[in-house]
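Hi,

Here is the structure I promised to pass on. Have a look at it first, and then read my notes below.

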Amino acid sequence: MSSIDTLVNTTIRSDVRAIHGYHVADASGYIKLDAMENPYHLPHPLREELAQRLVEVTLNRYPVASYASIKQIVCAKLGVPAGYDVMLGNGSDELISILCMGCALQDRRAMVLAPTPSFVMYQRSAQFAGMDYVGVPLKADLTLDMPAMLAAIEEHKPSLVFLSYPNNPTGNLFAEDDIVAIIKALDGFGLAVVDEAYEPFAQQTFMHRLPEFENLVVMRTVSKLGLAGIRLGYMSAAPQLLAEFDKVRPPYNINVLTQAAAEFALDHVEVLNQQATALRAARADLAAALAAMPGVSVFPSAANFILVRVPNSDDAYAKLLSRKVLIKNVSKMHSVLTNCLRITVSTPEENSAFLDAFAASLAS
């Protein structure tokens, strides 16, 4: 064994060495429908105005650590209840990590619980924080298995339960009453984290119910709204909870360019909301076109992507790649996703090109 192998084996955790890094496919030259991004740019006049705003940013100084101005805009524009604040993160990923680190108890092995399949970073962040993770399988129709969820909560007493709303990668909204039942089952020992990354497309939220439940955390991102490149997530909860998690947040975690871009974009949030409206309409059209194809089953979606089942997902995925179309093959994530593919809803032009390529991939 070489010296560097010895060094790696003696200094890096074995569970870290045993896993693969988070893979992001190279989309150069492809129609990119694998990452749930908003395909639309800001209108050209706004882009020019944003460029001028960014030119004036002070790059040689650290950000204002309180982020008071951007937090005030987020609260005012994005439906945060009166009397509640937000904490900002470098995307939702950092907020998930902060939640796990803050709840990784030292006197016992703490637990994170979530339905599965769901967003992979719930499990990864729990692992890296030194917490155990339990995934409760969804039912065959992709809804929550409530007896199993409540039994797992009773058995494991998790510190955190993550609920993606709508769920990624399935796209469906879990029943509101089921989520409320989970929140109440955790009362006194655990937090329910409702991850509303796709709220612009679902138009359903638990944000207004924060005052109703002391153990509720609502987390969102501006990525799906159309600002994936600036990496900004935010979460709200009871002020006492936010104050504790803020101790875990790294100082200066939001850079000045992100802050300036987000403030500008949210000053024009109506443009982003119009784009979300267009994508919701395109989602319905795309779902109908997919459902009309022989052998294709389409699952209901409240997100900006659609989950479908085909006779052979690996074959269809490979043929789409050969036609320079990149989607997500989720068929290996869990048995309930056998032969499933996830497709981001895009512009009419890209949706049309995808449908042509998809039909050809199924026929050939």
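The largest nonpolar core has 55 residues, and Ile182 and Phe206 touch the most other members. A nonpolar core here is a set of buried Ala, Val, Leu, Ile, Met, Phe, Trp, Tyr and Cys residues joined through side-chain atoms within 4.5 Å; buried means under 20% relative accessible area, exposed over 50%, and partly exposed in between (1.4 Å probe, protein chains only). Helix α12 (residues 256–267) gives this core its largest share, five residues. Helices (H or I, at least four residues) and strands (E, at least two) are DSSP runs, numbered from the N terminus.

Before you go on: this is a predicted model, where local features need pLDDT of at least 70 and side-chain atom pairs count only at pLDDT 80 or more, while totals for chains, interfaces and linings use all residues. Residues are numbered from 1 along each chain as its sequence is written, and side-chain values use heavy atoms, with hydrogens and water left out.

Back to Ile182: leaving aside residues up to four places away in sequence, Ile182 touches Leu144, Met146, Met149, Ile153, Val161 and Leu163 (contact means heavy atoms within 4.5 Å). Another core, of 28 residues, lies apart from that one, and Met36, Tyr198, Leu286 and Leu341 are among its members.

Now the sheet. Seven strands form an open sheet with mixed pairing, in the order β2-β8-β7-β6-β5-β3-β4; two strands pair if DSSP finds at least two bridges between them. At the edges stand β2 (87–89) and β4 (132–137), each with a single partner strand, so one side of each has no neighbour in the sheet.

What about β5, buried or exposed? Five of its five residues are buried, so β5 is largely enclosed by the rest of the structure. Leu160, Phe162 and Ser164 cover one side, with Val161 and Leu163 on the other. As a rule, side chains in a regular strand alternate between the two faces of the sheet.

β5 also has parallel partners. With β3 there are two bridges, and Leu113 has Val161 as its bridge partner in β5. With strand β6 (residues 191–195) there are five bridges, and Ser164 is partnered by Asp195 in β6.

By contrast, β7 (residues 216–221) and β8 (residues 233–236) pair in the antiparallel sense over four bridges, with Met235 in β8 as the bridge partner of Met219.

Enjoy exploring!
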